[in-house]
Amino acid sequence: MLKYCFSLCIAVLALVSCACAKLNLFQQPSRAEFALGTVCNVTLFDQAREEVYRDIFGHIREIENRMSVNLPQTDVMRINAAAGYAPVPVNNDVFAVIERAVYFAELSGGAFDPTVGPLVSLWGISGDYPRVPSQEEIDAVLPLVNWRNIELNPEERTVFLKIPGMALDLGAIAKGYAADEAAGIVKEARINQAIIDLGGDIVTSGIKKDKTKWKIGIQDPFNSRGVYIGIINVFEGAVVTSGVYERFFEEDGIRYHHLFSPSQGSPAAGNLLSVTVIANSAMDADALSTALFVLGYEKGNALIETLAGIDAVFVFEDKSIRVSPGADFFLTDDEYWIAVE
Ligand code: AMP
Ligand code: MG
């Protein structure tokens, strides 16, 4: 029997402990709305003005209306509908996000691939009836999954998918972009401290009043939402997690998650449960968290070693954790342990 478990889990929760209590978080008017397929939570710590919340959520919805594959008539849906047929003019921001997605596709050797749309549909991972497809079905869609068949024309600002049946899915990068945009609105409004949490894509904005780092909890992959295994301390920046627990289903006792290997056409295999990336840009951290998860620890870690200012925390099935040297991570759950190479 198919047991479908869909959890809109906030992969990482903004955790404000004793130091932040001075900022009075729990009486702080934070705002939560459902958008981009997840719960979006914004907390403005000073001057929590209504119009700033309105601007932020208005802009998040604008992004959703251009980039979602779950709404009709978005730019991305128009690109997909014209696959193999015609280039489609798109909004500036859609073009920029797809350009960045292509950059990370190349950087990760295709582990991150924004053309996974046909795989996401085949497995039904975003819908109510996910299922394990046959190898024949997988083989039939695999030729459609290849970022090299995205043709970008910067002069015309058009996007063309060269093969009929190809489909973009920006699910692994758009939330990060939206989080960066929300942080931009916070800065423009001259709000000094804020946390933006778009379903686990977190941006901390500003330096805390007591000058200590923000504390961001890493979700326990085996536990309910909000239970964390450790804390990442950061000054201003993005902390983004890709985890198997965010979206999955079970069939015949086997769990299938939503992070696909574009070369295999199935959920990326390996011994990882989650990867958290710390970076300046949430868009980059978002793409990279998915990329590193699919690459696996060895290749993923080798990749971040080449990237300045990017760090990662890898959580493994055996409850070991590997942390890149620049990450300020503090373990709080004694069932887990930090593995040292
Ligand atoms: P995230 O939670 O950011 O890792 O994004 C996961 C979502 O990105 C999935 O639900 C899919 O829509 C999409 N996705 C899955 N696998 C990949 C991949 N290898 N490259 C790019 N996007 C992917
Ligand atoms: Mg991602």
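In which helix is leucine 107 found? Leucine 107 belongs to helix H4, which spans residues 92-107; helices (H or I, at least four residues) and strands (E, at least two) are DSSP runs numbered from the N terminus. The structure is a predicted model, in which local features need pLDDT of at least 70 and side-chain atom pairs count only at pLDDT 80 or more, while totals for chains, interfaces and linings use all residues. Residues are numbered from 1 along each chain as its sequence is written, chains are lettered from A and ligands numbered from 1 in the order in which they are written, and side-chain values use heavy atoms, with hydrogens and water left out.

- The space taken by ligand 1 is the largest pocket. On a 1 Å grid over the protein atoms alone, a pocket is an open set of points with protein on both sides within 12 Å along at least five of seven lines, whereas a cavity is a set of points where a 1.4 Å probe fits but cannot get out; lining residues have an atom within 4 Å of a point. A molecule sits in a cavity or pocket if more than half of its atoms lie within 2 Å of its grid points.
- Around ligand 1 there are 17 residues, of which Ala111, Ser242, Phe260, Asp286 and Thr290 come nearest; a residue is near a molecule if one of its heavy atoms lies within 4 Å of it.
- The shell consists of nine nonpolar, four polar and four charged residues. Here Ala, Val, Leu, Ile, Met, Phe, Trp, Tyr, Cys and Pro count as nonpolar, Asp, Glu, Lys and Arg as charged, and the others, Gly among them, as polar.
- Helix H8 (residues 282-295) gives the most to this shell, with three residues.

**Polar atom pairs and burial of the ligand**

- An oxygen atom of ligand 1 is 2.5 Å from an N or O atom in the side chain of serine 242, and an oxygen atom of the ligand is 3.1 Å from an N or O atom in the side chain of histidine 258.
- A nitrogen atom of ligand 1 lies 2.8 Å from a polar backbone atom of phenylalanine 260.
- Taken alone, ligand 1 exposes 510 Å², and the protein buries 96% of that. Accessible areas come from the Shrake-Rupley method with a 1.4 Å probe; for residues, only the protein chains shown count as cover.

- Serine 242 is placed in strand E12 (residues 237-243) and is buried, with a relative accessible area of 4%. Buried means under 20% relative accessible area, exposed over 50%, and partly exposed in between (1.4 Å probe, protein chains only).
- Leucine 107 is partly exposed, at a relative accessible area of 30%.

- Lysine 175 is found in helix H7 and is buried at 14% relative accessible area. Lysine 175 and cysteine 40 are 135 residues apart in sequence and 9.6 Å apart, C-alpha to C-alpha.
- Glutamine 193 lies in the loop between helix H7 (174-188) and strand E8 (194-198), and is buried with a relative accessible area of 5%. The C-alpha atoms of glutamine 193 and lysine 209, 16 residues apart along the chain, are 8.2 Å from each other.

**Positive phi angles**

- Most residues other than glycine have a negative phi.
- Glutamine 47 has a positive phi of about 45° although it is not a glycine. This glutamine 47 lies in the loop between strand E4 (38-44) and helix H2 (50-67), and is partly exposed, with a relative accessible area of 39%.
- Lysine 319, also not a glycine, has a positive phi of about 70°; lysine 319 is in the loop between strand E18 (311-316) and strand E19 (320-323).

**Serine 320 in strand E19**

- Serine 320 is found in strand E19 and counts as buried at 1% relative accessibility.
- The side chain of serine 320 makes a polar contact of 2.6 Å with the side chain of aspartate 318, and a polar contact of 3.4 Å joins the side chains of serine 320 and arginine 322. A polar contact is a pair of N or O atoms within 3.5 Å; within protein, one must be able to donate a hydrogen and the other to accept it, and residues adjacent in sequence count only if both atoms are side-chain atoms.
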